[in-house]
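Colleague: I have a model open and would like to learn how to read it. Please take me through it feature by feature.

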Amino acid sequence: MHIQQLSVFLEDRSGRLTELTRILADNDVNITALSVAETADYGIVRMVVGRPQLAKEALEKAGFSIGLTDVVCVNMPDKPGSLYRILEILTDEGINIDYMYAFSNNDVALAVIRAADIRRVTEVLEENRLKLLSQSDIYQL
Amino acid sequence: MTTDMIWNPEIECAEREQMHELQSNRLTGMVKRMYDNVPFYRNKFDEIGLEPGDIKTVDQLKDLPFTNKNDLRDNYPFGLFTVPQTDVVRIHASSGTTGKPTVVGYTHADLDIWAEVVARSLTMAGVHKGDTIQIAYGYGPFTGGLGLHYGAEKIGATVIPISTGNTKKQLQFMTDFKATVIACTPSYAAHLGECIANNGISADDVKLRIGVFGAEPWTNELRCQIEKLLKVKAFDIYGLSEIIGPGVSMECGCQCGNHVFEDHFIPEIIDPETLEVLPDGELGELVFTTVSKVAMPLLRYRTRDLTRLHREKCECGRTLVRMDKCLGRTDDMLIIRGVNVFPSQVESVLMDMSETTPHYQLIVRRENNLDTLEILVEIDQKNWSDSIRELEGIRRRIENNIKSMLGIGAKIRLVEPNTIERSEGKAKRVIDNRKC
């Protein structure tokens with residue numbers, strides 16, 4: 001089970017990220033997870049949001065470049081060794097991770113993982129009885 | 001190619017001797033009119049000891065003095081008119097990025113010539129009575145809009161004189177009025193094409209079949225892109241206001257260069273350094289003599305455009321001399337670390353790569369006495385990778401391709417779509433901060 005991540009290309013220009021979040025706020029879109037990857041000249045914001053389709057349309061209308069990427073969001077206990085266990089499984093299967101970001105709260109830790117063959121990641125983790133978030137777990141009603 | 005696509009076969013397919021005689025007669029008359037009416041020319045002729053009666057054939061053109069843009073500025077605004085202002089019925093002026101605008105005047109006869117050469121041009125592209133032509137060139141002092149306008153009316157096409165800008169209205173008129181021909185700058189054509197794609201306008205609603213594009217240099221790669229986006233056959237129309245405006249030369253269906261309407265505008269190619277006339281086929285600066293224009297004829301006017309001439313007969317049946325697509329103007333040319341760089345070369349690199357858009361801008365700076373070139377390239381709004389590894393890969397590939405094309409290194413900066421200024425008229429491709 002994978003979910004859709006929203007990727008946004010941002011020029012290195014002051015106020016651009018603020019503008020992005022303003023549009024999401026105006027459209028009542030909740031952000032579950034967010035990371036920023038940056039180079040010297042531009043950045044890529046990657047987000048898991050409550051209403052990906054609505055967010056995509058609103059941001060495109062405002063001139064942002066949006067991509068939807070399939071990622072896996074894995075749920076694990078917030079304790080030492082949890083992430084290691086997951087990565088060990090993926091490594092054993094020969095899966096290379098393109099990027100990931102993780103956070104924890106209230107005994108639960110979540111990691112968003114992107115790899116070229118996202119289906120395989122899903123299969124492998126589910127075979128190992130790991131809990132993956134579905135779109136509906138995040139989806140805002 | 002059938003002959004019914006030639007507006008004026010007698011001239012456009014004339015034998016060389018016939019054209020030679022026509023040009024000679026017109027040149028003789030023009031030189032006399034200039035000498036009699038314009039002190040600037042009389043002084044120039046007197047300086048080299050030339051009597052207007054000495055000029056008998058067009059072969060003597062090479063002995064006559066040149067005119068350049070500064071001469072127009074020095075005689076601003078009406079100093080080069082050969083007729084009293086009462087005979088001038090229209091004035092156009094080019095924007096001129098520095099200093100005074102370049103002013104040109106037209107008599108009724110000049111406007112007739114202009115409509116005639118534009119009628120020939122449009123016919124050459126396959127436009128005829130029954131077509132609806134959307135003219136998205138600027139109407140006003142700029143020659144694009146009104147130039148196309150009267151030629152299109154002359155052939156009996158239906159004209160939509162929409163001028164530049166207001167892309168939404170452009171698309172509405174284009175679909176509602178079923179325009180079959182679009183005339184504008186190539187950069188605006190690409191912009192319109194993208195807007196059609198992005199606004200979900202169905203291909204069935206766009207009836208365009210011909211595009212007539214000019215007023216800025218453009219590459220064959222951009223032509224392919226526009227043809228794909230707008231589903232038209234794209235033709236290059238060439239002109240400059242000093243000579244008459246659009247309609248100095250035009251591309252035919254063979255697309256092997258632009259036919260110059262040499263019964264009115266005699267072209268020569270010169271070496272810009274030595275000022276010697278170069279043989280056909282050699283690259284040099286294009287020079288025009290406007291032998292039939294009345295209000296403001298120009299003698300050997302240096303266009304600063306770089307191109308070549310070809311005189312072999314074209315498959316379309318026309319015998320008119322052809323000029324290659326201009327590589328660029330000598331004043332568009334940047335000299336960066338001693339290397340000649342044309343914005344069109346950058347465009348051609350970008351258009352050859354599937355991952356980039358044709359929207360770019362060159363920024364030249366001088367840092368510690370060293371010229372630096374930075375090129376902004378817009379990413380494709382719909383189709384880009386969110387992996388930095390891939391984006392950086394593209395960036396490096398552009399960098400390498402630019403380096404091998406230009407011979408100098410440039411820093412490539414990927415930017416968001418629609419952030420580079422879109423001129424609805426001419427694209428602002430270069431910012432040279434060294435001059436400040």
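Modeller: Start with the domains; their bounds come from an automatic or database domain assignment. The C-alpha centres of domain 1 of chain B and domain 2 of chain B lie 30 Å apart. Domain 1 of chain B covers 1-329, and domain 2 covers 334-435. This is a predicted model, where local features need pLDDT of at least 70, side-chain atom pairs count only at pLDDT 80 or more, and totals for chains, interfaces and linings use all residues. Residues are numbered from 1 along each chain as its sequence is written, while chains are lettered from A and ligands numbered from 1 in the order in which they are written.

Colleague: How many residues does each chain give to the contact?

Modeller: First the rule: two residues are in contact if their C-beta atoms, placed from the backbone, lie within 7 Å. Here chain A gives 14 residues and chain B gives 14 residues. On the side of chain B that touches chain A, helix H11 (388-406) and strand S20 (411-415) of chain B each give two or more residues. S20(B) has the largest share, three residues. Helices (H or I, at least four residues) and strands (E, at least two) are DSSP runs, numbered from the N terminus.

Colleague: What classes of residue make up the side of chain B that touches chain A?

Modeller: Ala, Val, Leu, Ile, Met, Phe, Trp, Tyr, Cys and Pro count as nonpolar; Asp, Glu, Lys and Arg as charged; the others, Gly among them, as polar. This side has six nonpolar, four polar and four charged residues.

Colleague: Which strands form the open sheet of chain B?

Modeller: Look for pairing: two strands pair if DSSP finds at least two bridges between them. The sheet has four strands in the order S20-S19-S18-S21 (chain B), with mixed pairing. S20 and strand S21 (430-432) of chain B are the edges, each pairing on one side only. Strand S19 (residues 370-379) of chain B runs parallel to S20(B), over five bridges. In that region, B:Glu374 stands opposite B:Lys411 in S20(B). H11(B) packs on the sheet and touches strand S18 (356-367), S19 and S20 of chain B.

Colleague: At what angle do helix H9 and helix H10 of chain B pack?

Modeller: Axes are lines fitted to C-alpha atoms, for helices over the stretch in contact, and angles run from 0 to 180 degrees between N-to-C directions. Helix H9 (residues 220-230) and helix H10 (residues 343-351) of chain B pack at about 50°, with axes 8 Å apart. H9(B) is therefore oblique to H10(B). Angles under 35 degrees count as roughly parallel, over 145 as roughly antiparallel, 65 to 115 as roughly perpendicular and the rest as oblique. B:Glu221, B:Leu222 and B:Gln225 in H9(B) meet B:Glu347, B:Ser348 and B:Met351 in H10(B).

Colleague: Is A:Arg129 buried or exposed?

Modeller: Count neighbours. A residue is buried if 20 or more other C-beta atoms lie within 10 Å of its own, exposed if 12 or fewer, and partly exposed in between; C-beta atoms are placed from the backbone. A:Arg129 has 6 such atoms within 10 Å, so A:Arg129 is exposed. Its phi is near 60°, a positive value in a residue other than glycine. B:Gln255 also has a positive phi, near 45°. B:Gln255 counts as partly exposed because 15 C-beta neighbours lie inside 10 Å.

Colleague: Which residues does the cis peptide bond join?

Modeller: Check omega. The bond joins B:Tyr76 and B:Pro77, with omega about -5°. B:Pro77 sits in the loop between helix H4 (69-74) and strand S1 (90-94) of chain B.
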